[in-house]
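Welcome! Please take a look at the structure below, and then walk through it with this short briefing.

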Amino acid sequence: MELMMVCADPLAYSIFAEAIGGHAFYKPLRTVLFGIGAAAVVMALVSWEARGRLSVPRWLAFLGDASYAIYLVHITAMGVAARLLQMVAFDSLPPYLLAIVLSASAVLAGAVAHVLVEKPVIALIRGQIRRRRLTTEPSAH
C-alpha cells in the first residue's frame with residue numbers, strides 16, 4: 001500500500017496534466033512521472049498477488065497468456081474485421097462501437113491463435129527439450 005501511495009501523486013499529476021492539455025506540460029517529464037506511477041501500480045498489484053491478497057480471474061490470466069499472440073495478429077484481425085464491416089454496415093456504426101468491435105475482433109483472433117498455434121508449438125518445443133535432456137544427460141551408473 002505504501003508503494004502505491006508514494007507513486008500515486010506522479011501518476012495522478014501526469015494524468016491530470018494530460019486531461020487539462022498535456023501539450024503544455026513538458027512531455028519528457030510527463031513520460032517519466034507517468035512511467036514511475038504506472039510501474040509502482042504494477043509492482044503493488046504483483047506484490048499483492050504474491051502475498052495472496054489479490055487473485056487474478058482465470059479469464060484475465062488467459063488473456064495475459066494470449067497477449068503475445070494478440071500482439072502478433074491484432075493488425076491483421078482488425079483489418080479483416082474492418083473489411084467485413086465495410087461490406088455490411090461500416091458507415092452506420094458510431095465510432096465508439098466501431099472501436100469496440102475492432103478491438104474485440106483483435107482479442108478474439110489472438111485468443112484463437114494462442115489456443116490453436118501458440119500453445120501446441122510451446123508444448124512441442126518443451127517436449128523436444130525434455131527428450132533432448134533425457135538422451136544427453138549422463139547416466140548415474
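H74 is partly exposed, with a relative accessible area of 25%; here buried means under 20% relative accessible area, exposed over 50%, and partly exposed in between (1.4 Å probe, protein chains only). This is a predicted model, in which local features need pLDDT of at least 70 and side-chain atom pairs count only at pLDDT 80 or more, while totals for chains, interfaces and linings use all residues. Residues are numbered from 1 along each chain as its sequence is written, and side-chain values use heavy atoms, with hydrogens and water left out.

**The chain as a whole**

- The protein chain has 5 helices and 0 strands, where helices (H or I, at least four residues) and strands (E, at least two) are DSSP runs numbered from the N terminus.
- Along the sequence, the elements follow the pattern α-α-α-α-α.
- Of the 141 residues in the protein chain, 22% are buried.
- Among contacts with a separation of 6 or more, 63% join residues 24 or more positions apart; a contact means heavy atoms within 4.5 Å.

**Confidence**

- The average pLDDT of the protein chain is 81, and 77% of the residues score at least 70; pLDDT is the predictor's confidence in each residue, from 0 to 100.
- Helix α3 (residues 58-65) has the highest confidence, at a mean of 94, and helix α1 (residues 2-19) has the lowest, at 51.

**How α4 and α5 pack**

- Two packed helices are described by the angle between their axes and the distance between the axes.
- For α4 and α5, the angle is about 130° and the axes are 7 Å apart; axes are lines fitted to C-alpha atoms, for helices over the stretch in contact, and angles run from 0 to 180 degrees between N-to-C directions.
- That angle makes α4 oblique to α5, since angles under 35 degrees count as roughly parallel, over 145 as roughly antiparallel, 65 to 115 as roughly perpendicular and the rest as oblique.
- The two helices, α4 and α5, cross in a right-handed way; a crossing is right-handed if the near helix is turned clockwise from the far one by less than a right angle, and left-handed if anticlockwise.
- On the α4 side, the residues that meet α5 include Y68, I70 and V73, and their partners in α5 include V101, G110 and A113.

**The nonpolar core**

- The largest nonpolar core has 5 residues: A81, A82, L85, L98 and L102.
- Both α4 (67-88) and α5 (95-136) supply at least two residues of this core, and α4 gives the most, with 3 residues.
- The term nonpolar core stands for a set of buried Ala, Val, Leu, Ile, Met, Phe, Trp, Tyr and Cys residues joined through side-chain atoms within 4.5 Å.

**Residues to find along α4**

- A69 sits in helix α4 and is buried, with a relative accessible area of 5%.
- Not counting residues up to four places away in sequence, A69 touches G110, A113, H114 and E118.
- From A69 to V117 is 48 residues in sequence and 8.9 Å in space, C-alpha to C-alpha.
- H74 also belongs to helix α4; H74 and S105 are 31 residues apart in sequence, with 8.0 Å between their C-alpha atoms.
- A77 is another residue of helix α4, buried at a relative accessible area of 15%.
- Beyond its neighbours within four places in sequence, A77 is in contact with S105, A106 and A109.
- The C-alpha atoms of A77 and A109 are separated by 6.2 Å, although the two are 32 residues apart along the chain.

**Residues to find along α5**

- S105 is in helix α5 and is buried, with a relative accessible area of 17%.
- Leaving out residues up to four places away in sequence, S105 touches A77, M78 and A81.
- H114, also in helix α5, counts as buried at 6% relative accessibility.
- Apart from neighbours within four places in sequence, H114 contacts F62, D65, A66, A69, K119 and P120.

**Where α3 meets α5**

- The axes of α3 and α5 come within 9 Å and cross at roughly 75°, so α3 and α5 are roughly perpendicular to each other.
- F62, L63 and D65 of α3 make this contact with V107, A111, H114, V115 and E118 of α5.
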